2 protein chains.
Amino acid sequence: MKLSKLIILLLVISQSVLAQSQDSVQLRKIYDEALVNGHSYKNLEYLCKQIGPRLSGSAGAQKAVEWTKKIMEDYGFDKVYLQEVMVPHWVRGEKEQAKIIAGNKSISVPIAALGGSVATPKAGITAPIIEVQTLAELKTLGEAQLKGKIVFFNRPFDPRPIQTGTSYGMAGDQRRSGPSEAAKYGAVGVIVRSLTHSIDDYPHTGNTSYEANGIKIPAAAISTKGANELSRLLKVKSAVPVKFFFKQNCETLPDALSYNVIGELTGSEKPNEFITVGGHLDSWDLAEGAHDDGTGVMQSVEVLRILKAMNYKPKHTIRAVLFMNEENGLRGGQKYAELAKLNQEKHVAAMESDAGGFTPRGFGIDAPLELFKQLKSTWQPLFEPYDTDKLTLGGGGADIGPLKNAVPGIVLIGFRPDSQRYFDIHHTPNDVFENVNRRELELGAAAMTGLVYLIDQTGFKVN
Amino acid sequence: MKLSKLIILLLVISQSVLAQSQDSVQLRKIYDEALVNGHSYKNLEYLCKQIGPRLSGSAGAQKAVEWTKKIMEDYGFDKVYLQEVMVPHWVRGEKEQAKIIAGNKSISVPIAALGGSVATPKAGITAPIIEVQTLAELKTLGEAQLKGKIVFFNRPFDPRPIQTGTSYGMAGDQRRSGPSEAAKYGAVGVIVRSLTHSIDDYPHTGNTSYEANGIKIPAAAISTKGANELSRLLKVKSAVPVKFFFKQNCETLPDALSYNVIGELTGSEKPNEFITVGGHLDSWDLAEGAHDDGTGVMQSVEVLRILKAMNYKPKHTIRAVLFMNEENGLRGGQKYAELAKLNQEKHVAAMESDAGGFTPRGFGIDAPLELFKQLKSTWQPLFEPYDTDKLTLGGGGADIGPLKNAVPGIVLIGFRPDSQRYFDIHHTPNDVFENVNRRELELGAAAMTGLVYLIDQTGFKVN
């Protein structure tokens, strides 16, 4: 090697080492700001306790739009604005009722209508109930066994996967497609075991999807304890078949006008290249939407607040996007991607926090393999001191998903907190502020800010 | 390289790969047993709800000794026995009372006597109170400022360290040494800010150590909210100094006979070489000792149960040791080490779980650097699928600590769960079964069993 080449190589190496060292100093400053002066926890408290449930189309959702816009304005972000989006407007109505009728016994059990479900007749539905574990069983049983009955989907969460999201994914078809599939065989209603590892007394709601032009039958989630009791009674030999009664008067109103809420720090070098960080502002109606997804929303706002508090001038424009309608339509995510495409925006990366406000473990990164390897080797050592260094290939989130096709080349990133407690409270009356730990929330906000900072430094043109 | 050498090398490599592959199959079996058929959660429920608080010398501690011995016998472990140990016997007595007296106002605040503390006089102590942040300040203030006063140690947890144990370590001198140090300057009592990040209404108790032959003054922990209020009032300008009243009638009774509880699976190849896995059976008196350390105890029993359920025949003897008196004396840990030395036992490794039953992150390993590197490179890939692959140099635990000098060459290992929530409930009335998550507990038991299995496979004679 010639001396001149050696010198150039040494310069390149030393610059890279220097960059790493500066980055690690900046990360420590970010964490200090999040942990010492953090706003995410008190903001989450307001969102949960002063606003509360925020199902799309509800008054709560509208209040949340107005309040989050106001706090981002108060923080002095460079731009704060709303993005119009028409959203489904489903309402639960009166509290549901349900009973297992086994011989002379009638046992009340807790249910909650699935989002999007139709109502039962006013007097409710009473019918024999039949337990199945899979959608495939419907075909085997056929109309002969299913017509006029209520179908009870009771396949539990598999306890073996380490990440609870895997078990959720494995069981989720029962809730999403069970009602529309059962209807094809003449079933009159569907009861779905709550999607959780936890054996508890709460029904866990969530959306179901009817097929367009399919028959719509009413569907509800039953608590896991209720499901276990129902399954037990169905196994008892008896001359009289077990029946089930349920009553719900939910309905779908006309679509409503709502909004994505967006705050920006304008890029100093590339104001027209965007890094998005977001969560969803809507929540289910049964509680405060604390972990799902108040935490993701307040962490996303906190990313911009921290960068601003540090007087950091981003090169790219950093956007906090509070998506509307993730839970039952994804209209906000779709609208954001549609406008990004329409306006030919250049998007560097989008990050989503929608897996709870628990202790951070790392990030899932949807990038080409070679880029992923490069990012992993650069970023992992930087996040190791913060125990948030699990960088895995693949990831993203529901709301940022539509960006993948809309703006080719974008890197999608899913913030990954610890998953163990998430489905204990997800979509239940227990998803309240009290179940969020301040430090866990703040560590997540810090990790997200750190990664946004690192992306902004290079725009992926690393080394 | 000669062909014969190449063949040998290939054989060695393929054996190593084969061992890794067998190990990964065994780990998966261990996790399946823990997650599908686990007993740790129901055992913990019994320990917490049927037995409850287990402070050394109490009836609860004795019941816990008898019950854990019985369940290990019922599991059919090869040997189950008790190890006698004399333990301190401190009792709290009636609930403590405390008030801030500021001018005309008298404000009740929650306190709890520190373990080992002496009582106040029957009528309590009322005295001017002075706030300090550090032990060093006592020297600066001297007898002139401190004599006849109550000293209020109010240095909060530093929010910046990522691991909460670091903040605990940084603040802990106030509780451990504050009372004996303040007494040297004529202070008449000590109030210590609870050792936690959480701003809450519970005093967090814990042990204090008086110096032998030193003056013993009564000492108590105050809730962090109470501490903040007291500090605020002390900053208000006033003609009349703020006083503090507290009353407690705790006392130290004569030492009591108690026990370490030990269960063994006898080694098939090296029955006289031991791998210890343990937690402490005693707990503070304010709650159920769920995370501290019911989880560690039931995980340790579960390690042996899982191995037995898998019909695994360990090479070395595996011991579950349920130590008595970690909280206020460490007599059980000392006795175990003393007997190991006396009996010239050969100990391969000892592992302790005493950091809560939260989601596992990894293990701290106290081994020579070269061995540590070797273990890390072998074990980390095996634990990566379980998100429990943070293997760090250094570690152990209070109860296994005395083994280090007693049996040279032993490798000490501290099980490391997520630390964020631990000090929210540590030593408080909130340390109850309901605050333990089933899967987090079981994942910890699985990780511990996996590491015990891996140690047993090689006895550290790796590659």
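**View 1. The two domains of chain A.** Chain A is divided into domain 1 (25–90 + 254–458) and domain 2 (95–249); these bounds come from an automatic or database domain assignment. This is a predicted model: local features need pLDDT of at least 70, side-chain atom pairs count only at pLDDT 80 or more, and totals for chains, interfaces and linings use all residues. Residues are numbered from 1 along each chain as its sequence is written, while chains are lettered from A and ligands numbered from 1 in the order in which they are written. The centres of the two domains, taken over C-alpha atoms, are 34 Å apart.

**View 2. Where domain 1 of chain A touches domain 2 of chain A.** Here 15 residues of domain 1 are in contact with 16 residues of domain 2 (contact: C-beta atoms, placed from the backbone, within 7 Å). On the domain 1 side, helix α12 (residues 422–425) gives the most, with three residues. Helices (H or I, at least four residues) and strands (E, at least two) are DSSP runs, numbered from the N terminus.

**View 3. Helix α3 of chain B.** This helix (residues 59–74) has 16 residues and reaches 22 Å from its first C-alpha to its last, close to the 22 Å expected at 1.5 Å a residue; the expected span is 1.5 Å times one less than the number of residues. Buried in α3(B) are B:Gly60, B:Ala61, B:Ala64, B:Val65, B:Thr68 and B:Met72. Seen down the axis of α3(B), the buried residues fall within an arc of 145 degrees, so they line one face of the helix; the arc is that of the directions from the helix axis to the C-beta atoms. On the other side, B:Ala59, B:Glu66, B:Lys70 and B:Asp74 are exposed. A residue is buried if 20 or more other C-beta atoms lie within 10 Å of its own, exposed if 12 or fewer, and partly exposed in between, with C-beta atoms placed from the backbone.

**View 4. The surroundings of α3(B).** The buried residues of α3(B) pack against α2 (40–51), β1 (79–91), β10 (251–265), α8 (290–309) and β12 (316–323) of chain B. Just after the helix, B:Gly76 takes a positive phi of about 75 degrees.

**View 5. The contact between chain A and chain B.** Each chain brings 18 residues to this contact. On the chain A side, α1 (3–36) and α13 (438–458) each supply at least two residues. The largest share of that side, three residues, comes from α1(A).

How values were computed
Two residues are in contact if their C-beta atoms, placed from the backbone, lie within 7 Å.
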